[in-house]
Each structure stands twice: as structure tokens, then as C-alpha cells.
Amino acid sequence: MVRSSLPGAAPDRRPTAGGFDAPVDMRTNRRRLLDSGIALGATPAFVGRLARAVEAVPRTATLDATEATIVSHIGRAHPRPGPLSLDIAPIAENGSSVPVRLHVPDEEHGSVRALSLLLLAPENPDPTVAVWHFSSLSGSASVATRIRLARSQRVVAVAVMADGSWRRTERAVHVNIGGCGIENAGPRDDP
Amino acid sequence: MSDGAALPPPLAQPRVKVPEQASAGELITLKSLLRHRMDSGNRIDGSGHPIPRLIINRFIATFDDELLFSAIVEPSTAENPFFEFTARLTRSGTVRFLWIEDGGATVSIERTITVT
């Protein structure tokens, strides 16, 4: 834990209500990290980035499988709100090929660019559909493809932005005939 | 399917849709499709044997050797992988589409775009 390894732990640290007062705790972490980093001669901007990175790490190990998959791809646990569209029909006759379109709309001039998009089908045997990377030649952060859905589920899209933040959106899809060959493989045990 | 034991077909000629001409700075749409079974490794053939995984795992589009768009493709992408994406170009050049299969086999196709 960062908290115990930092030098000069303040004795007058604000008490937390049974350890559940996460926002206060996070601020304390950040403040102390800023103080200790600046004392060591690091620039405030660098330490600020470091502090934000620490805040991005979940405080408790309560990630569900989808969040864990997202973290494994992009290294961050908590999204920041922002526009991200995920177009997929609410009902899919056949889960073996379902059209989907992802798009991060251009905002006002000078806004943050999207670097990558990630699509997950959490109820599939292999939850990751794909990760797409854009470039300065892309012109827009937009991709369309066709995916497999083994069963009805909420499909999750994630956009990684150039400033290091990320966005998440979900769509429920009802699947009449599952893809992925699950119907041939017999029923899968649900937890 | 009773032909599950048949060898997978070699990578076939891909299909792409690219405008031949574009204006500088115009947002253009590029489409690509490759015939491929995308065997996920989860399927079982007619005689009860698992069909081993064999998918396209990378897709890369370059413009005059500069990276334009790329994808890490996983088994939940449907068979015959299709990708539609955009480009905003300021000069004429060649777009190259490259598909990479598990095991390293590749197939590629090029299209020239004249930018005016």
C-alpha cells in the first residue's frame, strides 16, 4: 500500500469512518504523495500525474470480471464520464454475427482525442471481442464490425482517451440463437 | 457439420472497399472483409472432437507505411472478420491492409487513393 510506505505519515490524519470514507482517504493519499514528492525535488506536475495514477488504482479488490478484463487491457479501473456511442440492435436473431458500431464523437475544438476502443462481451467464453487503435490519420475514432454473442448479455464498450482517461458504455442485447458454437458444446454451468 | 476434420482453407483473397479519389482533409470510410472461419477453439465437430482455435488475431492498415488503424482481434469477433473505419488524408498514397492468422500466416491487399 502506498499509504504505509510514504515518508512522514501525518499523525493528525483525518479519521475515516471505519475505513469506509474513501474520498477523504484518497485526498489524504494524494495530498501526502504531493507533499512527499515535492519535498524530494520532483516537479509538481509530475507528482500530480503520479497522484492521479494512484487514485486510479481501486482501493479495494472488488473488481468484477468485466472490470478486471478492462484493467488487464488498459490498466485503469474507474471511468470518467464522456460521450461514447455503442450502436447494436437490442435483439439479435442469430448471435453468430451481430453488427456493432462504436464511435467517440468529436467535441468542441481542441478536445481530447480517442486513442483506442475496446469491446467486451462479458458472457462469452472469450469476453474480449477486439481492441482497435486509431492514429492521427484516422480522422475519427469510429469502427464497425460484427461480433459473436453466446447468449443474451450487456455488451461493454470502452474508449481510451489521449489524456489517459477512459469512458465506458453498455448496451443490453437479447440473443435468440447463441453464437460461438455454444449450442453444440452443450450447456455451460452458470455460476 | 460433419466436415469438421477437414483442413482449414488457406487465407483467401480479401475484399476491401476504398474510394479511388478523395479531397484533402475529407473524412473517408474504408471497409475490409476476409473470408475466414475464425475457429474460436470452443466448438466441437460432428464426431465430438474439439476444433482447435484458428483465428485472425491482428488486422493492420497502413498508409504509405505509416500506421493508420490496427486491431487486436479476439475469438468473439464473428467469422469473416469485417472492419469499417475512417481516414482523413492530405496527400495521395497507398493503403495496405494486412491480416495475420494464428501461426503467423498473412494476407494483404493494397489500394491507391488519389487525393486532390
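Reader: In chain A, what share of contacts between residues at least 6 apart in sequence join residues at least 24 apart?

Author: Two residues are in contact if their C-beta atoms, placed from the backbone, lie within 7 Å. In chain A, among contacts between residues at least 6 apart in sequence, 61% join residues at least 24 apart; for chain B the corresponding value is 60%. This is a predicted model, in which local features need pLDDT of at least 70 and side-chain atom pairs count only at pLDDT 80 or more, while totals for chains, interfaces and linings use all residues. Residues are numbered from 1 along each chain as its sequence is written, and chains are lettered from A and ligands numbered from 1 in the order in which they are written.

Reader: What pLDDT does chain B average?

Author: The pLDDT is the predictor's confidence in each residue, from 0 to 100. Chain B averages 91, and 92% of the residues score at least 70. Over residues 1-5 of chain B, however, the pLDDT is below 50, and this stretch has seven contacts in the model beyond near neighbours in sequence. Where pLDDT is low, the predicted coordinates should not be read in detail. For the complex, the predictor gives an ipTM of 0.91 and a pTM of 0.73.

Reader: How many helices and strands does chain A have?

Author: Helices (H or I, at least four residues) and strands (E, at least two) are DSSP runs, numbered from the N terminus. Chain A has five helices and eight strands, arranged along the sequence as α-α-α-α-β-β-β-β-β-β-β-β-α. Chain B has zero helices and eight strands, and its C-alpha trace spans about 60 × 20 × 20 Å along its principal axes.

Reader: In what order do the strands of the open sheet stand?

Author: Strands of a sheet pair through backbone hydrogen bonds, either parallel or antiparallel. Two strands are counted as paired if DSSP finds at least two bridges between them. Here 10 strands form an open sheet with mixed pairing, in the order 2(A)-8(A)-7(A)-4(A)-5(A)-5(B)-4(B)-7(B)-8(B)-2(B). Strand 2 (91-94) of chain A and strand 2 (21-22) of chain B stand at the edges with a single partner strand each, so one side of each has no neighbour in the sheet. Strand 5 (residues 128-134) of chain A pairs with strand 5 of chain B in the antiparallel sense over five bridges, and A:H133 stands opposite B:S70. Within chain B, eight bridges join the antiparallel strand 7 (residues 93-101) and strand 8 (residues 106-115); B:R96 stands opposite B:E110 in strand 8.

Reader: How many residues does each chain bring to the contact?

Author: The contact takes 30 residues from chain A and 27 residues from chain B. On the side of chain B that touches chain A, strand 5 (66-73) and strand 6 (82-88) of chain B are the elements that give two or more residues. Strand 5 of chain B gives the most, with eight residues.

Reader: Which residues have the most contacts inside the largest nonpolar core?

Author: In soluble globular proteins, nonpolar side chains tend to be buried together. A residue is buried if 20 or more other C-beta atoms lie within 10 Å of its own, with C-beta atoms placed from the backbone. A nonpolar core is a set of buried Ala, Val, Leu, Ile, Met, Phe, Trp, Tyr and Cys residues joined through C-beta atoms within 7 Å. The largest such core has 53 residues, and those with the most contacts inside it are A:A114, A:L117, A:L119, A:I147, A:L149, A:V158 and A:A159. Not counting residues up to four places away in sequence, A:A114 touches A:V104, A:F134, A:A141, A:A159, A:V160 and A:M161.

Notes. Buried ≥ 20, exposed ≤ 12 C-beta atoms within 10 Å, placed from the backbone.
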